[in-house]
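Colleague: I would like to go through the aromatic pairs and the pocket of this predicted model. Please give the reasoning behind each label.

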Amino acid sequence: MSDTPKPQFLGKQTDLPDSPEKAQLDYVPNPREGTLYLVRFAAPEFTSLCPVTGQPDFAHLVIDYAPGQTIVESKSLKLFLGSFRNHNGFHEDVTVGIGQRLAAEMKPQWLRIGGYWYPRGGIPIDVFWQTGPAPEGLWVPEQGVQSYRGRG
C-alpha cells in the first residue's frame, strides 16, 4: 500500500473544477476486495445547464456500484459532480456520461446510475444506465426516488 497514491483532495481546501473534463476522480484500494457489496451515492441537488437555453437543470442522481479493486473517494466525486454546474448537456448525455466515466476509470464489478430530472418544459425526464446485469447474490435495493408527480 505504500506505493498507492494518496487522495489529492481529502482534507484540503479545494476549488470546484471548471468542467467535468478538468475534474479529477480519486480511487483508493477497496478495503474489502473479494467481498460482494453495494455502495450507493445520492446527489439530490445535482445541477447542470441546458445546452440550448443555458438555464439550470436539476436532478436527483443515485449511483450504485459493486466495487472491484478500487472505490471512488467521495470528496473527489462531489467535486466531479459539482463541476457540472457550468456544463451544458442534455439529461441523457450527462447521466450516462457520469456512469460511463466512473465505470471506465474505477472498473467496478457492476455500476448503475439513475438520473431523476425535474421537469423541463413541463416534462420530467428520468435517465437510467448500467454496465450490465447485477452480479448474482448482490443485494440491490430500489433507488427510492419516486417518478415526478407534480403537486398532486
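Colleague: Why does Tyr 116 count as buried?

Modeller: Its relative accessibility is 9%. Buried means under 20%, so Tyr 116 qualifies.

Colleague: What makes Phe 128 exposed?

Modeller: Phe 128 has a relative accessible area of 51%. The cut-off for exposed is over 50%, so Phe 128 passes.

Colleague: Why is the pair of Tyr 116 and Phe 128 called edge-to-face?

Modeller: The centres are 5.3 Å apart, with 75° between the planes. A pair needs centres within 6.5 Å, and edge-to-face needs planes over 60 degrees apart. Both conditions hold for these rings.

Colleague: Which parts does that pair tie together?

Modeller: Tyr 116 lies in strand S5 and Phe 128 in strand S6, so the link joins parts 12 residues apart in sequence.

Colleague: How many aromatic pairs does a search of the whole structure find?

Modeller: It finds 5. Among them are Phe 46 and Trp 117, with centres 5.8 Å apart and planes at 85°, so this pair is edge-to-face.

Colleague: What makes Phe 46 and Trp 117 a link between distant parts of the chain?

Modeller: Phe 46 is in strand S2 and Trp 117 in strand S5, 71 residues apart. Both residues are buried. Ring pairs also link them with Phe 80 and Phe 84 into a cluster.

Colleague: Which element gives the largest share of the lining of the largest pocket?

Modeller: S2, with 7 residues. The pocket holds about 290 Å³ of space and is lined by 15 residues. These divide into 9 nonpolar, 3 polar and 3 charged.

Terms used. Residues numbered from 1 in each chain as written. Predicted model: local features only at pLDDT ≥ 70, side-chain atom pairs only at ≥ 80, totals over all residues. Heavy atoms only, no water. Phe/Tyr/Trp six-rings, centres within 6.5 Å; stacked < 30°, edge-to-face > 60°. Helix = DSSP H or I, 4+ residues; strand = E, 2+ residues; numbered from the N terminus. Buried < 20%, exposed > 50% of the residue type's maximum accessible area, 1.4 Å probe, protein only. 1 Å grid on protein atoms, 1.4 Å probe; cavity = no way out; pocket = protein on both sides within 12 Å on 5 of 7 lines; lining within 4 Å. Points joined across faces, edges and corners; volume = space filled by probe spheres on them. Nonpolar A, V, L, I, M, F, W, Y, C, P; charged D, E, K, R; others polar.
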